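Please read this briefing alongside the sequence and the model.

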Amino acid sequence: MLKYTELKCTNRQNLMEALPLRKPFTVLIEPSSLCNFKCVNCFQSIKGDSYFTANRGNMPPARFQRVIEQLKNWPGPKIKVLKLSLYGEPLVHPDFCEMLSMAQEADVAERIETTTNASLLSPAVAAKLVDCQLDYMRVSIYASEQERHRAVTGSGTDIRIIHENLRVLQEIKKSNGSEKPFVSCKMLDAYGHENERFIRMYQDVADEVYIDKPHNWIKVGGADFIKTYYKNGAEKAIADLKLNSTRRIACPMAFTTMAVRSNSDVSPCCVDFIGGTNLDNVDAGDLQEIWNSDRWYEFQKMQLENRKHENYSCARCDIYLSDHYTRDNIDGFPVEKLR
């Protein structure tokens with residue numbers, strides 16, 4: 001199997017030439033917006049009432065089934081990626097494996113993946129992930145030392161448990177003669193020796209280990225996730241972020257991505273935890289109709305016309321400038337060709 005980090009570079013289409021898409025390349029379904037970690041570099045750690053805190057919860061299985069059925073009934077080729085994760089820890093949902101099985105049987109995507117902290121990856125869950133043939137599992141690691149892990153995640157989870165969970169998963173894969181799920185462990189760049197410790201620690205239980213780059217979530221309430229995570233070392237991260245940013249006008253997510261939240265809201269964004277880009281509701285509408293709706297078109301038009309300041313979330317976001325996370329530049333695409 002290809003490494004997870006190679007997927008973005010392999011058989012990549014020129015988005016400028018491919019637009020408008022008949023259906024999104026990527027659909028994210030959020031099994032749960034709950035998380036057993038409260039990481040300081042994540043909105044899960046924000047205190048106080050907000051759209052996000054008011055809508056935390058698990059997606060009802062009936063809603064998930066309805067989303068999968070809508071994807072299956074959507075004419076045209078399969079979507080490229082179905083991600084069973086968004087703003088929460090997917091394994092918090094007690095029916096995650098049943099959801100995965102349902103998605104696999106529907107055969108709606110070229111690949112299915114999830115992102116997890118692996119702390120809840122029990123042997124029983126690991127066996128089901130292998131049995132259901134999840135394609136890719138990204139594992140977010142937050143530190144290579146226990147004290148740092150505790151400070152960042154706000155959890156009492158022993159990092160040795162995470163390593164053991166991944167070891168068991170690899171053992172089950174081997175006993176079943178399976179390559180899947182491909183396990184890709186990542187940690188935010190520590191700009192120092194912790195990177196090396198992390199790689200040494202997980203290289204025996206992962207199929208790929210890599211260093212991820214920092215990014216800022218949507219700015220709310222004066223929160224600065226990079227400074228909170230890096231503390232005195234934030235200057236290096238901020239400099240790195242600026243060095244690997246390109247000035248763009250349009251964010252390409254609205255043209256390639258559809259996210260279905262656990263509470264049924266539908267958005268063209270996978271970083272908008274505050275809900276400003278929510279355009280519809282899957283309980284009230286059909287995904288194909290939402291994708292082809294006037295509201296979705298107007299949102300895309302807003303991006304191309306450099307009017308992001310008109311949207312509460314887009315006005316507070318700069319992830320679309322990141323060369324690491326956003327590789328497509330569609331500036332100058334003619335609005336009249338969207339339809």
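This is a predicted model: local features need pLDDT of at least 70, side-chain atom pairs count only at pLDDT 80 or more; totals for chains, interfaces and linings use all residues.

Residues are numbered from 1 along each chain as its sequence is written, and side-chain values use heavy atoms, with hydrogens and water left out.

**Cavities**

- The structure holds 2 cavities of 30 Å³ or more, a cavity being a set of points on a 1 Å grid over the protein atoms alone where a 1.4 Å probe fits but cannot get out.
- The largest cavity has a volume of about 130 Å³, where volume is the space filled by probe spheres set on the grid points, which are joined across faces, edges and corners.
- Of the 17 residues lining the largest cavity, Cys 251, Cys 269, Gln 303, Cys 314 and Cys 317 are the closest to its centre; lining residues have an atom within 4 Å of a point.
- Helix H11 (253–256) and helix H13 (294–304) each supply at least two residues of this lining, helices being DSSP runs (H or I, at least four residues) numbered from the N terminus.
- By class, the lining of the largest cavity has 12 nonpolar, 3 polar and 2 charged residues, with Ala, Val, Leu, Ile, Met, Phe, Trp, Tyr, Cys and Pro counted as nonpolar, Asp, Glu, Lys and Arg as charged, and the others, Gly among them, as polar.
- The second largest cavity contains about 50 Å³ of space, and among the residues that line it are Glu 30, Tyr 51, Arg 56 and Arg 261.
- The lining of the second largest cavity divides into 3 nonpolar, 4 polar and 3 charged residues.

**Helices H5 and H7**

- The axes of helix H5 (residues 123–132) and helix H7 (residues 159–175) come within 9 Å and cross at roughly 40°, axes being lines fitted to C-alpha atoms over the stretch in contact, with angles from 0 to 180 degrees between N-to-C directions.
- H5 and H7 are therefore oblique to each other, as angles under 35 degrees count as roughly parallel, over 145 as roughly antiparallel, 65 to 115 as roughly perpendicular and the rest as oblique.
- Pro 123, Ala 126, Ala 127 and Val 130 in H5 meet Val 168, Leu 169, Ile 172 and Lys 173 in H7, contact meaning heavy atoms within 4.5 Å.
- The residues of this H5 and H7 contact comprise 7 nonpolar, no polar and 1 charged.

**Helices H4 and H5**

- Helix H4 (residues 96–106) and H5 pack at an angle of about 0° with their axes 10 Å apart, and are therefore roughly parallel to each other.

How values were computed
On a 1 Å grid over the protein atoms alone, a cavity is a set of points where a 1.4 Å probe fits but cannot get out, and a pocket is an open set with protein on both sides within 12 Å along at least five of seven lines; lining residues have an atom within 4 Å of a point.
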